[in-house]
Amino acid sequence: MYLGIFLTSFGLLAFEILSTRILCFAAPNATIPAILGISMLGLGCAAAAVGALSVKKASALCDSWLPLLCLLNSLAIIGAFATATHMCATISRGVDQALAAGGGMAAADQYLQAGGLSRLAILGALLAIPNFLGGLVITILFRCAHSARQGALYGMDLLGASLGCLACVCVMEYGGYQWPLALVVGLPLAAGLCLAWKKESRWCAGFMVLATASACSVFNTVVCSYLEPRPNLNLVARTYQADQGGETAREEWRTWNSYSRVAELAITNSQG
């Protein structure tokens with residue numbers, strides 16, 4: 001129980017830190033606080049839902065459903081990053097079409113502002129799902145724990161949250177993009193393994209297989225390309241006339257650190 005809540009809190013805060021970096025490329029900077037605010041509603045909704053249950057029903061969930069909730073949490077994180085990546089690609093195509101029509105930066109800005117509210121709501125809802133599932137795990141554990149264990153449980157919850165923030169920043173600084181992604185995807189599975197340890201052995205075996213598979217898939221270049229949002233190169237390099245024979249930009253290499261995405265761009269023109 002203690003290790004399960006520690007890993008769940010660790011994973012939730014690491015997910016918040018990493019998703020904040022991802023949002024820089026999926027939404028305008030001015031909308032990020034609103035998106036994060038919507039996403040945090042997931043934790044509040046989870047607490048309200050568990051608070052409405054009787055102790056008997058909460059205990060039944062604790063005995064049967066916590067490992068499954070951890071698994072769903074990991075899948076929801078993958079889905080959130082995959083959808084954010086798809087949204088970035090869609091936005092990038094729309095910007096390219098606006099620039100190709102000859103509207104320049106003004107047309108690109110108009111396109112970005114037109115769908116800003118809907119993207120805000122979609123991204124906020126996507127990020128709220130992992131928070132809701134992780135919040136269910138934490139609140140169910142608190143609801144079912146004996147009063148004598150509440151203090152220690154709360155201490156592990158806070159310790160996991162604080163270390164999750166620190167660890168994710170360090171991993172992002174030195175591990176590029178794939179290591180932080182593996183961290184936030186793998187931690188809910190590790191929590192599920194701990195919570196299922198004294199249950200049926202097939203649960204434990206299943207979580208071990210899933211943890212291994214998720215780690216291998218995240219470090220696969222092709223799979224990771226569907227989970228890594230990318231900015232529009234024409235906007236970054238300000239090559240707004242690329243489709244009219246102007247300067248064009250291509251990405252030579254890229255990496256991530258704790259505060260941004262870093263890349264080298266090669267900009268060419270008609271003279272080379």
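The following legends describe close-up views of a predicted model.

**View 1. Packing of helix H7 against helix H8.** Two packed helices are described by the angle between their axes and the distance between the axes. For helix H7, residues 150–175, and helix H8, residues 178–195, the angle is about 145 degrees. The axes of H7 and H8 lie 7 Å apart.

**View 2. Residues in the contact of H7 with H8.** Helix H7 contributes Cys168, Val171, Met172 and Gly175. Their counterparts in helix H8 are Gln178, Trp179, Pro180 and Leu183. Of the residues in this contact of H7 with H8, six are nonpolar and two are polar, while no charged residue takes part.

**View 3. The salt bridge of Arg254 with Glu228.** Side chains of opposite charge can pair when their charged atoms come close. The structure holds four salt bridges, and one of them joins the side chains of Arg254 and Glu228, with an N to O distance of 3.0 Å. This pair links distant parts of the chain, 26 residues apart. Arg254 belongs to strand S1, residues 248–256, whereas Glu228 is found in the loop between helix H10 (221–225) and helix H11 (233–237). Glu228 is counted as buried because its relative accessible area of 5% falls under 20%. Arg254, with a relative accessible area of 33%, is partly exposed.

**View 4. The salt bridge of Glu252 with Arg250.** The closest N and O atoms of Glu252 and Arg250 are 2.9 Å apart. Glu252 is partly exposed, its relative accessible area being 40%. Arg250 is likewise partly exposed, at a relative accessible area of 46%.

**View 5. The salt bridge of Arg261 with Glu251.** The side chains of Arg261 and Glu251 meet at a distance of 2.9 Å, N to O. Arg261 lies in strand S2, residues 261–268, and Glu251 in strand S1, so the pair ties together parts that are ten residues apart in sequence. Arg261 is buried, with a relative accessible area of 10%. Glu251, in contrast, is partly exposed, with a relative accessible area of 25%.

**View 6. A network of salt bridges.**

Terms used: Residues are numbered from 1 along each chain as its sequence is written. This is a predicted model: local features need pLDDT of at least 70, side-chain atom pairs count only at pLDDT 80 or more; totals for chains, interfaces and linings use all residues. Side-chain values use heavy atoms; hydrogens and water are left out. Axes are lines fitted to C-alpha atoms, for helices over the stretch in contact, and angles run from 0 to 180 degrees between N-to-C directions. Helices (H or I, at least four residues) and strands (E, at least two) are DSSP runs, numbered from the N terminus. Contact means heavy atoms within 4.5 Å. Ala, Val, Leu, Ile, Met, Phe, Trp, Tyr, Cys and Pro count as nonpolar, Asp, Glu, Lys and Arg as charged, and the others, Gly among them, as polar. Buried means under 20% relative accessible area, exposed over 50%, partly exposed in between (1.4 Å probe, protein chains only).
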